[in-house]
Structures are given as structure tokens and as C-alpha cells.
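Look over the sequence and the model, then read on.

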Amino acid sequence: MDFNPCLKHQLIRKTVSEFAESEIKPHVSLLDKESRFPQEIVEKMKPLNFFGLQVPKKYGGAGLDTISYAIAIEELSKVCAALGLCVTVHNSVGIFPILKFGTKEQKKRFVPAMAAGESIGAFCLTEANAGSDAGGVETNAVEDENGFILNGTKIFVTNGGVCGTILVFAVSEDANKNNIANVFIVEKDRDGFLVGEIEDLCGMRANPVSSLFFEDCWVPKKNLLGKMGQGIKIGLTALDTGRIGIAAQALGIAQAAFESSVSYAKERQQFNKPLSKFQTIQNYLADMATKIEASRLLLYKAAACKDSGKPFSAEASMAKLYCSSTAKEVTDVAVQIHGGYGYSKEYDVERYFRDAKVTQIYEGTSEVQKMVIARSILSQPK
Amino acid sequence: MLNIIVCIKQVPMVSELPWNSKTGTLKRELAQGMMDPASRRALEAALQIKEKQAAHICAITMGPALAEEILHQAKALGADEGVLLTDRQMAGADTFLTSHILAKCIQKECKTFDLILCGAQTSDSETAQVGPQLAEELKIPAIGYVNCVEVKENIIEVQRHVDDFFEILNMDLPGLITIDLSAYKPRYLALGGVETAFEKPDIKTVSAGELGFDKDFSALKDSPTRIIDVFSPTTQKENRVLKGAVKKVVDQLFDDYGKVISSAMGKDLKTHEHDEA
């Protein structure tokens with residue numbers, strides 16, 4: 001077992017970090033303050049393959065392995081979690097289901113533009129009465145001669161305000177009048193598709209999270225992803241992949257908060273000595289570092305499982321559960337170490353604190369992750 | 001096909017370097033390495049030439065085994081091959097021996113080169129000696145501190161900024177140029193490039209023995225120059241806390257430091273008039 005990162009992974013980390021520190025960091029605070037999606041930065045990210053991280057090269061992507069993908073999201077989120085969110089959602093639950101379940105024609109039609117960053121992906125499951133309970137989806141799809149008519153409202157859609165290619169969960173009736181779940185690919189210029197107002201959220205403010213409306217929105221049959229009734233399978237597979245991305249995002253936030261705390265603890269003087277000389281602060285830093293390291297190992301194990309073709313659902317849930325919990329705890333302590341300044345917008349840690357919380361909620365709450373993990377444990381043969 | 005050699009160097013990432021507060025020196029063993037910024041500009045110049053005409057880029061570096069990383073980075077950016085000169089016998093080489101070893105390597109591994117590009121000076125030692133010395137070793141012409149390169153048949157035309165004017169020079173090939181740190185803003189590395197570079201991860205490794213040095217050769221001992229000491233320059237810093245009512249404190253600040261601040265800003269702080277000079 002080799003715990004040392006290979007040269008490729010080191011280079012991926014440095015590459016993303018260099019770009020994020022130079023091109024994103026100077027603007028992050030203002031983007032958060034203005035709740036503005038930085039299209040000008042996205043333009044710079046497009047040729048660097050951020051929008052096709054794991055897309056095969058034949059479709060214009062970088063063709064990275066999952067550990068590289070996790071490292072890229074971690075480093076990006078360390079500087080700007082809202083952009084990290086955009087990139088991970090686009091790559092995982094936006095593109096991956098098309099690569100996994102799409103026809104050749106669908107891959108050729110949708111993936112190159114998505115990998116180039118010209119069409120940002122979104123994944124619409126959550127509704128007013130459905131979220132953790134995917135069975136509660138009310139958006140419906142009625143089949144006509146050549147396609148499907150979609151009606152319904154999706155809420156809290158990450159990338160909603162800038163999306164170009166949308167995967168929509170909708171129920172329809174099978175021949176026996178039973179409800180079945182399906183996934184449709186909807187292009188943003190379809191009649192009947194509307195973007196709602198951008199949500200005013202606690203964190204991730206530079207990501208345009210919004211509601212999406214489908215009002216008699218017709219899509220052709222060739223826009224059905226997978227087969228009729230495969231919606232739950234596609235959704236769960238997509239979320240397994242998405243959870244690796246969110247775990248990486250949470251890890252990046254935690255790492256940023258930790259580094260700020262170490263730096264501040266060395267500089268800030270109280271009682272004529274730096275904070276870092278106080279055992280209480282040392283204990284805080286030790287706990288933060290330990291949790292971050294454990295999070296990183298869980299994350300890379302889940303990514304390695306996916307790369308080796310093994311089942312990784314439980315591993316991805318463990319990584320997501322633990323990394324998001326670490327992010328919440330570490331950012332909380334980071335604010336505490338910074339004292340009054342930590343609560344001020346003058347310092348970045350209050351943003352880390354706000355951004356961290358939602359990692360325990362989206363792409364499956366922590367409670368849902370425990371359900372997934374428990375189901376995996378209990379389904380094992382004796 | 002233009003055969004280009006780019007000499008690159010791995011240097012410590014100074015922003016992350018831990019300092020030994022007792023000795024005032026860098027703890028290099030704890031430092032992360034990165035491609036020297038001037039080397040990266042030399043590589044960028046080569047990549048821009050390759051975008052305009054058929055060219056083969058060979059990146060060469062000399063250093064510890066870990067320096068392999070920057071050769072992969074060079075390949076990810078668009079270099080065609082990487083050569084790593086690494087051997088304990090070469091450790092501690094000064095600029096004179098570094099140039100000598102690089103020349104021997106080039107004569108052995110890349111005889112048919114047309115153009116050698118180096119960074120003008122590296123960020124860790126800033127001697128600016130290796131490029132010109134390498135040209136002397138290979139008996140080829142050299143031009144330093146170049147801002148712009150254009151290849152024309154068997155000559156190259158370069159431009160450089162000298163004092164307050166630009167100088168345009170022609171040079172026969174083969175030749176060597178060093179690229180100024182202000183020129184050729186390096187491109188960011190695309191993540192797909194990293195993946196491609198590692199699909200064919202071969203880096204040619206060359207030892208001292210393969211270049212004809214005998215087993216008694218030691219670059220550290222045989223270098224004609226020695227570094228006696230490395231230290232961070234001491235600066236005189238004084239912190240003063242001005243206490244009292246704001247108006248009184250500001251007046252005192254102007255009285256004590258007004259001239260210095262005005263001089264640095266180029267305008268009179270009290271009248272807000274700009275200094276015409």
C-alpha cells in the first residue's frame with residue numbers, strides 16, 4: 001500500500017492550485033458578496049479541461065482518473081467552493097450519467113459541448129415534496145407520438161441559472177398504470193423551459209442555484225436517457241459519483257479553513273505570545289489536521305474503488321459523510337480560533353463556515369448517507 | 001524541422017518555504033519544487049515557435065530524481081521529450097560545471113540541435129551564468145535577456161529591451177538565447193495535457209558515467225566556485241504605535257513620515273499635488 005501521491009497526482013494538484021490561486025482567489029470575496037457567477041473566470045477554465053475532467057479524450061475531455069478528479073475539485077474548492085460546486089456537479093451528475101447510460105448518438109450530441117464548457121450541466125431531482133425521498137417526485141412525463149411532454153417544478157438546482165443541458169427526473173405511467181421514474185435530457189432552449197429566480201442562500205453564493213420550470217416542455221424520444229423506468233438506477237449511480245465530488249469539495253473547504261487557522265494562530269498575539277503557543281489552540285489544530293487527513297484517505301479510497309471498477313457506493317457515502325462533517329467542524333473551530341475577526345467578512349473563514357454547512361445537505365444529506373452505508377453493511381452475506 | 005532544446009530547472013517554491021530562524025537559511029528538504037519561472041518562459045517561447053512551424057522540443061534538466069516532475073510538466077505543456085541528468089556525482093555543481101555537464105549531455109543526446117533556450121536567470125540563485133557559459137562550451141553564439149524570438153530560415157531574429165530602447169538582433173543557428181523574465185507569459189497547463197504526458201511517461205535518465213566522467217568525479221569538490229554562506233538579508237524594521245486623539249496622531253504621522261510617504265507616492269499628501277519630476 002503506497003500512501004505517497006504519484007507524480008501525476010502531484011502535478012494535477014499543482015496545476016489546479018496555480019490556476020485557482022492566480023485567477024480566482026483575488027475575486028472570491030467579491031463574488032460571494034455580490035452573489036455573482038464569474039463567467040469571465042469560467043471562460044479561462046474552459047480550455048484547461050475543467051468541464052470535461054473525466055470525459056474521454058475522443059469527446060474533448062481530459063480523461064482523468066477519479067483520484068485526479070477529486071484532487072482537482074479539492075484544490076478548486078479550497079479557493080472557491082461555489083466554482084468547485086459548479087464544476088463537480090457539471091462533471092459528475094451532469095455529464096457522467098450521459099456517458100454511463102447514454103446512447104452513442106446522445107454522447108456525440110451532448111458531451112462535446114459540455115466537456116468544452118459551452119453547455120453547463122444540471123441535475124434536477126429535488127422538488128417541493130421530494131428530495132431525500134426520490135419516490136416523491138411529481139414532475140411528470142406524458143408520452144406522445146414522437147416524444148414526451150414534461151410538466152413540473154424543480155427546486156434548488158445547482159448551476160440552474162447558467163445551465164445548458166439539464167437531466168430531469170420525471171415520472172410516467174407504464175402499461176399497468178404504475179408510476180415509473182425516468183430521466184430526460186432537456187436543452188435550455190426548449191419551449192416550456194424556464195429558469196426561476198436565483199436563490200438567496202447562506203453559502204455557495206457565487207453559484208446560481210435556482211428553480212427550474214417545465215411547462216408543457218416537449219422533448220423528442222431520443223432525449224430519454226437509458227430506458228423507461230431506469231430513473232432510480234440512473235439517479236443512484238449518478239449520486240454515487242456526485243458524492244465523491246462533494247466530499248472533495250468539503251475537503252477543500254476544510255483544508256482552506258485549516259491553513260488560515262494555522263497561519264492566524266502563528267501571527268495573532270495574546271498575553272504576549274502567539275495563539276499557537278496555547279495548548280488549547282494546539283489541540284484545535286491537531287484535531288483539525290487529524291480529521292482532514294482521515295477525510296482525505298476515505299475520499300481517495302472511494303475514488304480508487306471507482307477507478308478499479310469495484311462497487312463504491314458505500315465508500316462514496318462514507319467519504320461524503322465524513323468529509324462534510326469535517327468541513328463543518330473544522331470551519332467552526334477556524335472561526336473560533338480567529339475570534340471576532342473570524343466572524344467578520346474581512347477574513348475568509350466566515351465564508352468557509354457558511355459554505356461548509358450545505359455539504360452535509362446536498363447530494364444526499366448526512367442522514368441519507370448513513371442509510372446507504374447501513375444498507376450496504378446489512379446486505380453483505382454472513 | 002527545428003530541433004529546440006530547452007534547459008529547465010526545478011527550484012523551491014519560495015512562498016511555501018519554511019525558514020530556519022536560527023540560521024536564516026531555507027529548509028530546502030521541506031520545500032515543494034516547481035519549474036523555475038524563467039525556465040518556464042523559455043519553454044513558452046519554444047512552444048510558441050512550435051505553434052508556427054514544425055519543431056521538436058527536448059526539455060533537459062539537471063537535479064535530484066524528484067526533478068523528474070518538471071519534465072513531465074514540460075511534456076504536458078507540449079515538449080516532445082524529457083532528459084533528466086541525475087547522479088550523486090553531479091550534486092553540488094556550480095554554474096561552471098553545470099554548463100559543462102549540460103554541454104556534454106547535449107553533445108551526446110541531442111547533437112543535431114538548432115536552438116537552445118534557457119531562462120535568463122533562475123529564481124533560486126539568479127546568477128544568469130549557465131546560459132552564456134553553455135554557449136561557450138558548445139562554441140555557439142548566444143544572446144541574453146531576449147523578449148521576443150522569430151525564426152527565419154537559418155537565422156533567428158530576436159528583440160530585447162536594453163535600458164530605454166529595444167534592440168533587434170539576428171543570429172545564425174545553431175545558437176542559444178536566454179529569455180527575460182518579463183517576456184512570454186507562460187500558459188496554464190491543461191489537465192488533459194497532464195493525462196497525455198503520463199500516458200507515455202518515459203523520461204530519459206543520464207548519469208555522470210554515461211557522459212564520460214570517471215568514478216572519482218565529484219561536482220561538489222571539482223567546482224571552481226564555492227558558496228561560503230547563504231543567509232537572508234537583515235532589514236531594520238521599527239514598529240511605532242501612535243496613541244492619542246485621531247487628529248493629533250495624524251498630524252504627528254505627517255510630521256514624522258510625511259516626506260517619506262510623499263516621496264514614495266510621488267505627490268504631496270497635504271496639497272495633493274503630484275510631483276512633476
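A:Leu285 touches A:Ser261, A:Val262 and A:Ala265, leaving aside residues up to four places away in sequence. This is a predicted model. A:Leu285 sits in helix α7 of chain A, which covers residues 279-307.

A:Ala334 is 49 residues away from A:Leu285 along the chain. The C-alpha atoms of A:Leu285 and A:Ala334 are 8.9 Å apart.

## Chain A as a whole

Chain A contains 10 helices and 10 strands. Its C-alpha trace spans about 80 × 55 × 40 Å along the principal axes. The radius of gyration of chain A is 21 Å.

Of the 382 residues of chain A, 53% count as buried. Now take the contacts in chain A with a separation of 6 or more. Residues 24 or more positions apart make up 74% of them.

## Where chain A meets chain B

How many residues does each chain bring to the contact? Chain A brings 17 residues and chain B brings 13 residues. On the side of chain A that touches chain B, helix α1 (residues 7-34) gives the most, with 7 residues. By class, that side of chain A has 10 nonpolar, 5 polar and 2 charged residues.

Definitions and conventions: Residues numbered from 1 in each chain as written. Chains lettered and ligands numbered in written order. Predicted model: local features only at pLDDT ≥ 70, side-chain atom pairs only at ≥ 80, totals over all residues. Helix = DSSP H or I, 4+ residues; strand = E, 2+ residues; numbered from the N terminus. Contact = placed C-beta atoms within 7 Å. Rg over C-alpha atoms; globule rule 2.2 N^0.38 Å. Buried ≥ 20, exposed ≤ 12 C-beta atoms within 10 Å, placed from the backbone. Nonpolar A, V, L, I, M, F, W, Y, C, P; charged D, E, K, R; others polar.
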